[in-house]
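This report describes how two protein chains meet in a structural model. The sequence and structure are shown first.

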Amino acid sequence: MKPLQRAAFHALLAAAFGTFIAEDNAAAATNAKGFGVSVNVTTAATVILSGTRFTWNAIRPSTTSYVKADNSPMTITGLIRTSRAGGAGNIVVMSPGNITGTNKVNDQLGISNFALTCSGSLNTGTQPSYAAAYTKLKPNASVPCASWGAGSTSKLNFNFALYLQTQNNPTDVYKSNGFSIIATAT
Amino acid sequence: MKPLQRAAVLAATAAAALAFFAHTHAAASTRAFGVYVNVTTSATAAP
């Protein structure tokens, strides 16, 4: 073998060996491990009210029918998600005791003079069952607004209207911040 | 620990675990709001 031929042969051997090493390295660097995911989607209940106070700036002492608050309805947004296994979701309105007038202690505005109507179809997902229109509020107790059954998922967007019917109530200004809207899900 | 005591401890632990489980799977949210009512015989009134 001539020197030139020998050099070419060596070069060819080196190239082949390099390819073998590269292939071997590539095979060694390829490794796979399987993995999985575990996602536990739990129940959820969040409620947001578009305002903080219903106002009746001028209502007569005696009204023959329910008068809607000047800024009613408000919008309820949030999320309800209930368990498939016997879960339930509820939104209720909790009221304080009867409201005393700011001018005269003896002036009283009964909580049962107020009534709510929850309504609307802009929720995304499971639609709720709404309480009957003009459901009367109860002092120091809660009344229903909307409810969901098991396996529900609902992104909320519905109206919460509050009404007032005066029945020979004394003229006065009545204020209270003791109401709350409560969402629960199981 | 006697077997009866051990059983009681296990039962109490299980009850606590169940209560915790039930608790963590219930969700709740609250928003407070108020009312302002001006009962008046006049036609207009300011809040």
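Predicted model: local features only at pLDDT ≥ 70, side-chain atom pairs only at ≥ 80, totals over all residues.

## Extent of the contact

The size of an interface is often given as the accessible area lost when the parts come together. Here chain A and chain B bury about 2700 Å² between them, and 58% of that area lies on carbon and sulfur atoms. Asn57(A), Arg60(A) and Phe179(A) supply 18% of the area that chain A buries against chain B, more than any other three residues.

Counted by residues, the contact takes 44 from chain A and 23 from chain B.

## The chain A side

Four strands of chain A each give two or more residues to the side that touches chain B: strand 1 (44-49), strand 2 (53-59), strand 13 (153-164) and strand 14 (172-185). Strand 14 of chain A provides the largest share, 14 residues.

By residue class, the side of chain A that touches chain B divides into 25 nonpolar, 15 polar and four charged residues.

## Strand pairing across the chains

Strand 2 of chain A also pairs with strand 1 (residues 27-39) of chain B. The pairing of these two strands is in the parallel sense and runs over five bridges. Ile59(A) has Val39(B), in strand 1 of chain B, as its bridge partner.

How values were computed: Residues numbered from 1 in each chain as written. Chains lettered and ligands numbered in written order. Heavy atoms only, no water. Contact = heavy atoms within 4.5 Å. Buried area = accessible area lost by both parts, 1.4 Å probe. Nonpolar A, V, L, I, M, F, W, Y, C, P; charged D, E, K, R; others polar. Pairing = 2+ DSSP bridges.
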